[in-house]
Amino acid sequence: MTLTTHTERMLSRLRELLPVTEDEIVQRGIAAEVTARIVELRRAAAQLSARYTSVEALEARVRAEGVSPDDHTLYTDLLEWRAVRHEMTELTGFLQAV
């Protein structure tokens with residue numbers, strides 16, 4: 001892994017202050033970044049849930065109403081919600097594996 005000079009200095013200083021290895025710092029950074037992304041995804045899911053109740057309800061609405069040639073909002077939101085759910089599953093599984 002290639003680090004910038006600034007990052008190497010910060011890492012060195014941190015190791016002086018805390019009894020941790022470089023590996024532990026990198027692992028914690030990865031876990032923190034994954035956790036932050038999960039929080040963002042949960043917010044997005046909550047917004048979609050507030051708008052449509054559940055992904056199943058939105059799917060049913062898209063089936064019933066179809067996709068308007070002038071407005072793809074429902075379909076776009078459905079795709080976004082599916083993507084959010086998929087990414088959350090992947091990231092949660094990643095955290096559990098590490």
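**Entry 1: valine 34**

I began with valine 34, which is buried, with a relative accessible area of 10%. The model I am reading is a predicted one. I counted valine 34 as buried because its 10% falls under the 20% cut-off. I then located valine 34 in helix H2. Setting aside neighbours within four places in sequence, I found valine 34 in contact with Leu91, Phe94 and Leu95.

**Entry 2: helix H2**

I next checked the length of H2. Its 31 residues, at 1.5 Å a residue, should span 45 Å, and the end C-alpha atoms are 45 Å apart, so the two values agree. I listed the buried residues of H2 as Ile25, Val34, Ile38, Leu41, Ala44, Ala45, Leu48 and Tyr52. I asked what covers the buried residues of H2. The cover includes H1, H3 and H4. Just after H2, I noted that threonine 53 takes a positive phi of about 75 degrees.

**Entry 3: helix H4**

I repeated the length check on H4, which runs over residues 73-97. Its 25 residues should span 36 Å at 1.5 Å a residue, and the end C-alpha atoms are 36 Å apart, which agrees. In H4, I recorded Leu74, Asp77, Leu78, Trp81, Val84 and Leu91 as buried. The cover over these buried residues includes helix H2 (22-52) and helix H3 (55-65).

**Entry 4: aspartate 77**

I returned to aspartate 77, which is found in helix H4. Is aspartate 77 buried or exposed? Aspartate 77 is buried, with a relative accessible area of 7%. I then looked for a partner to its side chain, and found that a polar contact of 2.4 Å joins the side chains of aspartate 77 and tyrosine 52. Tyrosine 52 is itself among the buried residues of H2. Leaving aside neighbours within four places in sequence, aspartate 77 is in contact with Leu48, Arg51, Tyr52 and Leu58.

**Entry 5: the largest pocket**

Last, I looked up the largest pocket, whose volume is about 170 Å³. Which residues line the largest pocket? I listed Met1, Leu3, Thr7, Met10, Leu11, Leu14, Glu22, Asp23, Ile25 and Val26. Helix H1 (5-17) and H2 each supply at least two residues of this lining. I sorted the lining residues into 7 nonpolar, 1 polar and 2 charged. One of the lining residues, Ile25, also stands in my list of buried residues in H2.

Notes:
Residues are numbered from 1 along each chain as its sequence is written. This is a predicted model: local features need pLDDT of at least 70, side-chain atom pairs count only at pLDDT 80 or more; totals for chains, interfaces and linings use all residues. Side-chain values use heavy atoms; hydrogens and water are left out. Helices (H or I, at least four residues) and strands (E, at least two) are DSSP runs, numbered from the N terminus. The expected span of a helix is 1.5 Å times one less than its number of residues. Buried means under 20% relative accessible area, exposed over 50%, partly exposed in between (1.4 Å probe, protein chains only). Contact means heavy atoms within 4.5 Å. On a 1 Å grid over the protein atoms alone, a cavity is a set of points where a 1.4 Å probe fits but cannot get out, and a pocket is an open set with protein on both sides within 12 Å along at least five of seven lines; lining residues have an atom within 4 Å of a point. Grid points are joined across faces, edges and corners, and a volume is the space filled by probe spheres set on the points. Ala, Val, Leu, Ile, Met, Phe, Trp, Tyr, Cys and Pro count as nonpolar, Asp, Glu, Lys and Arg as charged, and the others, Gly among them, as polar. A polar contact is a pair of N or O atoms within 3.5 Å; within protein, one must be able to donate a hydrogen and the other to accept it, and residues adjacent in sequence count only if both atoms are side-chain atoms.
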